[in-house]
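Please examine the sequence and the structure shown below before reading on. The paragraphs that follow lead from one residue to its surroundings, and then to the protein as a whole.

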Amino acid sequence: MGLGLCPVCRKGHLEAAERVRVFEPLGKRVEVKLQTSVCNACGEMTIKASQHRENLRVLAERKAHYGNLLMGEEILALRRRYGLTQQQASKVFGKGKIAFSRYESEVTYPDESTTLLLKLAMERPDVMKDLADKAGVELPLWTERCEDEQRVKLRALPTTRWDSRRRDRTRVCVPMLGRPADLSGMWDAKVHLTEHLSMTPCNDAASSAELMEAFV
């Protein structure tokens, strides 16, 4: 199947190909078929955007075989999120210099305690910062990640819309003042003009509240 001109040699044409990558989480053999393109002239292998998206999808599907283990892509994403090298990340989590290289390529998998620490660092940036500080490692992208977190929190806050003032006529009852005791009670007062504000949050769950400002 032709996929266009080769971007490398500009002479041959790309043809669809497939390669198999093998993972072994928890001692299980998991094969993932990945799409690629090969030039029929120079033999160079490239991956088109549509193939890349499909590869990401099938790679993500293998998570079902991992139990509590982390995939290499998840560990790689954490490291890149804070701008760390593999050696720096290994130092942060108290591992050998090549530990993260092996984790990310899934040559081996983190032990249970390291996996727990990695998951905590993924969920809570303050844990990542604390670990890095204790290891004496600077997080190059820490400021940017804090700004990202703040933007997410701001987007999550409910916004409030104030309606314009409006006047409603309300019938009220007030006690009779200055009348004989035997006639004390309630009497139907004139209709009073009341002014209130209605505050209606944008979300449907909130109810409107009215504030009585004055009696005329």
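Met128 is among the residues with the most contacts inside the largest nonpolar core, a set of 20 residues; the others named with it are Leu84, Val92, Phe93, Phe100 and Leu118. Two or more residues of this core come from each of α2, α3, α4, α5 and α6 (125–135). The element that gives the most is α6, with five residues. In soluble globular proteins, nonpolar side chains tend to be buried together. A second, separate core has 10 residues, including Leu34, Tyr66, Met71 and Tyr109.

Which of its residues are buried? In this helix, which spans residues 72–81, they are Gly72, Ile75, Leu78 and Arg79. These residues lie on the same side of α2, because they cover an arc of only 130° around the axis. An α-helix has 3.6 residues a turn, so residues three or four places apart point the same way. The cover over the buried residues of α2 includes α3 (86–92), α4 (99–105) and α5 (112–123). After α2 comes Gly83, which has a positive phi, near 70°.

Attention may now turn to a strand. Ser37 belongs to β3, which runs over residues 30–39. Is Ser37 buried or exposed? Its relative accessibility is 0%, and Ser37 therefore counts as buried. The side chain of Ser37 forms a polar contact, at 2.8 Å, with the side chain of Gln51. Beyond its neighbours within four places in sequence, Ser37 is in contact with Leu3, Leu14, Glu15, Glu44, Met45, Thr46, Lys48 and Gln51.

The protein as a whole contains seven helices and 10 strands. It has 216 residues, of which 28% count as buried. Among contacts with a separation of 6 or more, 48% join residues 24 or more positions apart. The accessible surface is about 14700 Å², and carbon and sulfur atoms account for 54% of this area.

Finally, the confidence of the prediction must be considered. The average pLDDT of the protein is 77, and 69% of the residues score at least 70. Over residues 160–216, however, pLDDT stays under 50, although the model has 70 contacts beyond four places in sequence for these residues. Where pLDDT is low, the predicted coordinates should not be read in detail.

Key:
Residues numbered from 1 in each chain as written. Predicted model: local features only at pLDDT ≥ 70, side-chain atom pairs only at ≥ 80, totals over all residues. Heavy atoms only, no water. Buried < 20%, exposed > 50% of the residue type's maximum accessible area, 1.4 Å probe, protein only. Helix = DSSP H or I, 4+ residues; strand = E, 2+ residues; numbered from the N terminus. Arc of directions from axis to C-beta. Contact = heavy atoms within 4.5 Å. Core = buried A, V, L, I, M, F, W, Y, C linked by side-chain atoms within 4.5 Å. pLDDT = per-residue confidence, 0-100. Areas by Shrake-Rupley, 256 points an atom, 1.4 Å probe, with all protein chains shown as cover. Polar contact = N/O pair within 3.5 Å; in protein donor to acceptor, adjacent residues only side chain to side chain.
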